[in-house]
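Dear colleague,

I am passing on the structure we discussed, and below it you will find my notes on what was found. Please read them with the structure open beside you.

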Amino acid sequence: MAESEKSNSVRQPLNVDAEPLKLSELLDRGWKIFEEVDSTNEPLGSNSIQVKVKRGVQMLEEASRMVAQLDLFSRNEELEEIATADLKYLLLPALLGALTMKQTTRDKRLEIVQTARAYFMDFLRRCEEYKVSQFKLPDSTGEKARPDGGSEDGNAKANSFPGPTNLVAMAAQRQAKIERYRQKKELEAKLSDVRRAVESGQADDEVTRDFYLLNVRRWVSVCLEEVESIDQEVEILKKMDMFKENPPKQPSHPSRPPMKPFILTKDAVQAKVFGAGYPSLPTMTVDDWYEQHKKHGVLPDQGVPRKATAEDHGDPSEMDEEEKEKKVENDDDESLLKARNWDDWKDTHRRVHSAHPSSPGICGPHLEGGAFNLDSLRRLAVT
């Protein structure tokens, strides 16, 4: 710790004209900036938050350079040999990775997550060397290992059908996540109790050491989750870059030529009227419009069987009348005779204007009760 306090001679680049910050001040300020950014309700992409993130990253990077120069940690020592005041500097890589992940530069996202992963892996390796807690160190390359020893990228088809070995590995991975989550919650509950004593300044060396060790163990769980999340994001980002370089070909659809504007009229006469009034805008009748669309095959009912209409079945009385007219047109003798008799009868009988029996002009043997006798009319038509 004495060596860390002598690091005042190392100047901080953000305060060139001001008093240089000590190693402990750099860590405390960077740690505080991370907690502010992590708990703020302000959008992460806002300018003020990004300025804070950049300043915090620079402070923690400077603190990491100081720790490397002072050689505070060694692989040859045990966790118990680290001074209590130096334990908190184990958190530098974890805080650096967490603050780096807060950056929101879209075009550099892949570079950002890879840098953050390197910081997290540095922290996890150091914790594994000091045996801070028991955990499995993730693969340094970031590739997901398969239970059969192969790479997930090498044979994606084999992974699409999980076998018994894969299912066992997935179950073990799920159980590890549940256990890690449980430990994280327990550590956070203990930290909330110890933090009050440390922040009040009434904690002794043993309580302070316990506080920093709890923080380190909590960050082990956080970093394991972050590394797993980063590996998934890196895979997606790489595929997005591949799509940008070699975009998939879109299926070509035949483009229909745009139709020119026109006035739709009811008939040809109306088309002439509108055409004379609007010479710059062509006109078209409904029949012309239908024929044009029928020619191009764009009518909604084309290709669909036409439903039977009322005209197809027709009314029986109307069908009889049509049949009679056809017979007359074809010079049928019987039909012609009936038509002539009917015409003669109409010439000799006045047209009735009222159906009341007392009305003038209602007479003749074929009227019964003021109404026409239809049977008599039919007999006259026949004779």
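A residue is called buried when its relative accessible area is under 20%, exposed when over 50%, and partly exposed in between (1.4 Å probe, protein chains only). Please bear in mind that this is a predicted model, in which local features need pLDDT of at least 70 and side-chain atom pairs count only at pLDDT 80 or more, while totals for chains, interfaces and linings use all residues. Residues are numbered from 1 along each chain as its sequence is written, and side-chain values use heavy atoms, with hydrogens and water left out.

On the cysteines: Cys223 has 0% relative accessibility and so counts as buried, and Cys127, at 1%, counts as buried too. A disulfide is taken as a pair of cysteine sulfur atoms within 2.5 Å, and by this rule the count is zero. The sulfur of Cys127 has its closest cysteine sulfur in Cys223, and because that lies 7.6 Å away, it is too far for a bond.

Leaving aside residues up to four places away in sequence, Trp219 touches Phe34, Leu91, Ala94, Leu95, Ala98 and Phe123, where contact means heavy atoms within 4.5 Å.

Best regards
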